[in-house]
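Subject: Structure handover

Hi,

My notes on what turned up follow below it.

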Amino acid sequence: PSEDDESTLPEDRKHGRRAKVVDDNVSHHSSDIPASDVPSLLSKPLASSFAKRCYFTKAGIGKTAQHYEGLTLTGNTVLMLSAAMKLKGCPTICDEDLRRVEQTYPNQFSRLPDELLLSSGWRRISKYCHFSNKPIPDGVPFFHSKQRIHPQGGYYFLLAAAVGMVRPIDVEPLTMDTLIVLQTDYPSQCDNAPEPLISDPSIWILVDKFCFFSGGPINT
């Protein structure tokens, strides 16, 4: 038999050879990692659970957290939490609110592009579509339920673009046809929603008017 053939070896010699092979492999792989790198590998921090962070406070912004979004002329996006302005909740903001940010975080504020030095350069994201899960920034048309019938005590929100109303000219009150589109595109979300929301378009209120100064929605 060949030197590598274990079929004719006694059991104790087989195990001995296997143990030696395992030891050799461990030694070989361990030698590939410099000793100085081992502690750094073990102490490497875990990845953050937040995909987005506030530019000023560095705090994480959850998937459905309320925040403000600044859009630069180059297409970049800067995110800010209301805590950076010492505000409670997520109200619409004015230039005076940004002055507080400037006083608290002067270094970061000084690096902002000119278009974000005024409140007109920021838009609030205080709600999310319950069907597409996409954010609904101020100034973007949406629908909300007439009553607070969400299990958590709030309204249901529906982004107009979620039912094909992408352009401003396309936006109109919901009909049965658009509710059918909603059920087709988001079947699982519709199954979990109250039945009247899916079968009665009159349950929904269209919001497509916004304040020129604050950007906040205007219910009519």
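The largest nonpolar core of this predicted model has 25 residues. Those with the most contacts inside it are Phe 131, Leu 158, Leu 174, Leu 182 and Trp 204. Strand S7 (142-145), S8, H5, H7 and S9 each supply at least two residues of this core. S8 gives the most, with three.

Phe 131 is worth a click. Neighbours within four places in sequence aside, its contacts are Phe 157, Leu 158, Leu 182, Tyr 186, Gln 189, Cys 190, Ala 193, Ile 198 and Trp 204. Another core lies apart from the largest one. That core has 20 residues, among them Cys 54, Met 80, Ile 93 and Phe 109.

Next, helix H5 (residues 176-185). Its buried residues are Thr 178, Leu 179 and Leu 182. They sit on the same side of H5, because they cover an arc of only 100 degrees around the axis. The face turned away from that buried side carries the exposed residues Asp 177 and Thr 184. What covers the buried residues of H5? The cover includes strand S8 (157-159), helix H6 (187-192), helix H7 (195-199) and strand S9 (204-207).

Now the strands. S5 (residues 122-128) is mostly covered, with six of its seven residues buried. S5 pairs with two strands discussed here, S3 and S6:

- S3 (residues 67-71) runs antiparallel to S5, and four bridges join them. Tyr 68 has Arg 124 in S5 as its bridge partner.
- S6 (residues 135-137) also runs antiparallel to S5, through three bridges. Here Tyr 128 stands opposite Pro 135.

S5 and S6 form a hairpin with six residues between the strands. In that hairpin, Asn 133 takes a positive phi near 65 degrees.

Last, the cysteines. How many disulfides does a search of the whole structure find? Take Cys 190, one of the contacts of Phe 131. The closest cysteine sulfur to its own is in Cys 129, 9.9 Å away. A disulfide needs the two sulfurs within 2.5 Å, so this pair is too far apart for a bond. Cys 190 is buried, with a relative accessible area of 8%. Cys 54, from the core of 20 residues, is buried too, at 2% relative accessibility. Both count as buried because the cut-off is under 20% relative accessible area.

Best wishes

How values were computed. Residues numbered from 1 in each chain as written. Predicted model: local features only at pLDDT ≥ 70, side-chain atom pairs only at ≥ 80, totals over all residues. Heavy atoms only, no water. Buried < 20%, exposed > 50% of the residue type's maximum accessible area, 1.4 Å probe, protein only. Pairing = 2+ DSSP bridges. Arc of directions from axis to C-beta. Contact = heavy atoms within 4.5 Å. Core = buried A, V, L, I, M, F, W, Y, C linked by side-chain atoms within 4.5 Å.
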